[in-house]
Amino acid sequence: MGWDAFGLPAENAAIERGLDPEEWTECNIQSMREQLDSLGLCFNWDREITTCLPDYYKWTQYLFIKLLEAGLAYQKEAVVNWDPVDQTVLADEQVDENGRSWRSGALVEQKLLTQWFIKTTNYAKPLLDALGDLPEWYGVKAMQANWIGECTGCYFDFKLKINGKETGETLSAYSSYPEMVYGAAYLAILPSHRLLHGSSSVRSVLQQAFQPGQDSLTEVTAHNLFTGLEVPVVISHKEAFDDYLDTVIGIPDGSEDDLSVARTLNLGWTTVLKTVKNGAQTLINSQEFSDLTREQAFHSITQKAREQRVGGHLTSSKLRDWLISRQRYWGTPIPVVHCESCGAVAVPEEELPVTLPKALSLTGKGASPLGAVNDWVNCKCPRWQN
């Protein structure tokens with residue numbers, strides 16, 4: 001038997017009763033255990049787990065550190081669903097059709113925050129393919145396939161520059177036709193993109209170039225870590241791209257829209273497609289991928305990008321990386337120390353678990369109460385402990 005015992009509903013319920021969330025949760029678990037016993041249900045209580053106990057979440061923290069070491073957990077600024085009453089982030093499915101929080105009923109705001117993410121998009125295609133090996137179960141397979149989407153494109157990683165100098169910003173951009181990546185003319189972002197509104201080092205340059213209602217050519221360039229080619233960054237006139245995309249690669253050979261933007265902005269690009277006598281298309285001007293068919297190039301280019309760890313994982317325009325930092329207080333602490341000198345540093349495995357401290361005050365209002373626990377927030381960087 002397992003008790004999924006962390007979460008904001010439990011925290012809010014405890015606050016309403018003037019109780020500590022830990023005491024409230026333990027009391028509920030005991031009550032539910034007694035009810036199960038009174039029903040005559042049989043469980044192996046030696047194998048009971050409770051997710052809010054340190055001996056359990058030690059291992060979720062361990063898994064997080066392994067994901068961080070593998071480059072699969074990362075932090076970035078992102079526009080999130082913000083509940084102004086509960087003062088926390090909501091997943092899309094926690095916002096109703098009227099744009100209100102399913103918990104508090106408050107009108108949800110869009111807010112730019114620095115959040116932790118897991119790179120679920122790296123596994124979209126394997127997840128989609130593996131659904132075929134599962135038995136049908138009340139339409140769940142179809143729901144999962146729809147959630148993942150058709151994995152017909154991928155992301156490539158770019159380093160942003162200004163006047164030839166790296167800015168420290170890395171950006172992943174999506175393409176529906178990665179086999180034509182050598183024909184890129186530009187990298188396009190939406191006017192709502194975090195780079196124009198957050199703490200980015202390129203924000204001021206982008207804002208100076210931005211002209212609402214039209215495609216805006218900027219002085220920021222993007223160096224494609226796969227092709228080695230550099231293209232300009234364009235702020236799109238569009239309010240939205242397909243599905244959840246906010247950054248796309250403009251390839252004139254692949255899209256009339258991309259061709260129109262490139263021509264309007266007088267951008268240069270390389271033609272990468274050639275049609276042969278039988279009507280098939282092959283690649284040209286694409287380094288070692290030239291003379292391959294589009295299908296061959298699709299598989300070869302994405303595979304090599306994955307090997308070089310600069311993108312190439314097949315995914316859809318619908319699926320996004322999983323935002324995981326959605327708790328206000330009553331949740332597993334993320335085992336990372338934020339050091340002014342070293343940046344984000346994982347807590348050593350031998351020091352796990354990082355236990356959740358007792359909150360000084362739980363009101364359900366304002367910022368997380370964890371910020372007031374000084375001896376917990378102000379800790380030593382693991383790299384400086386020796």
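**Reading the predicted model**

Biologist: Beyond its neighbours within four places in sequence, which residues is Glu 11 in contact with?

Modeller: In this predicted model, Glu 11 is in contact with Pro 21, Arg 328, Tyr 329, Trp 330 and Leu 362, once neighbours within four places are set aside. Glu 11 itself sits in helix 1, residues 8-16.

Biologist: Why does Glu 11 count as buried?

Modeller: Its relative accessibility is 1%. The cut-off for buried is under 20%. Glu 11 therefore counts as buried.

Biologist: What makes the pairing of the Glu 11 and Arg 328 side chains a polar contact?

Modeller: The distance is 2.8 Å. A polar contact needs a pair of N or O atoms within 3.5 Å, one able to donate a hydrogen and the other to accept it. The two side chains are joined by such a contact.

Biologist: Turn to helix 8. Which of its residues are buried?

Modeller: Asp 258, Leu 259, Val 261 and Ala 262 are buried in helix 8, residues 256-264.

Biologist: How do you know that the buried residues line one face of the helix?

Modeller: Look down the axis of helix 8: the buried residues fall within an arc of 165°, so they line one face. Strand 8 (186-189) and strand 11 (247-250) are among what covers them.

Biologist: What is exposed on the other side of helix 8?

Modeller: Glu 256, Arg 263 and Thr 264. Exposed means over 50% relative accessible area.

Biologist: What is found at the start of helix 8, and what just after it?

Modeller: At the start, a side-chain oxygen of Ser 255 comes to within 3.1 Å of the backbone nitrogen of Asp 257. Just after the helix, Asn 266 has a positive phi of about 55°.

Biologist: Which residues touch the most other members of the largest nonpolar core?

Modeller: Phe 156, Leu 206 and Phe 226, in a core of 43 residues. Strand 6, residues 153-162, gives the most to this core: five residues.

Biologist: What does Phe 226 touch, not counting residues up to four places away in sequence?

Modeller: Its partners include Phe 156, Val 181, Tyr 182, Phe 289 and Ile 301. Lys 304 and Gln 308 are also among them.

Biologist: What does UniProt list for residues 146-305?

Modeller: An unreviewed UniProt entry lists "domain: Leucyl-tRNA synthetase editing" there. In the model, that span is 22% helix and 31% strand, and its end C-alpha atoms lie 26 Å apart.

Methods: Residues numbered from 1 in each chain as written. Predicted model: local features only at pLDDT ≥ 70, side-chain atom pairs only at ≥ 80, totals over all residues. Heavy atoms only, no water. Helix = DSSP H or I, 4+ residues; strand = E, 2+ residues; numbered from the N terminus. Buried < 20%, exposed > 50% of the residue type's maximum accessible area, 1.4 Å probe, protein only. Contact = heavy atoms within 4.5 Å. Arc of directions from axis to C-beta. Core = buried A, V, L, I, M, F, W, Y, C linked by side-chain atoms within 4.5 Å. UniProt positions renumbered as here; feature names shortened; annotations may be inferred.
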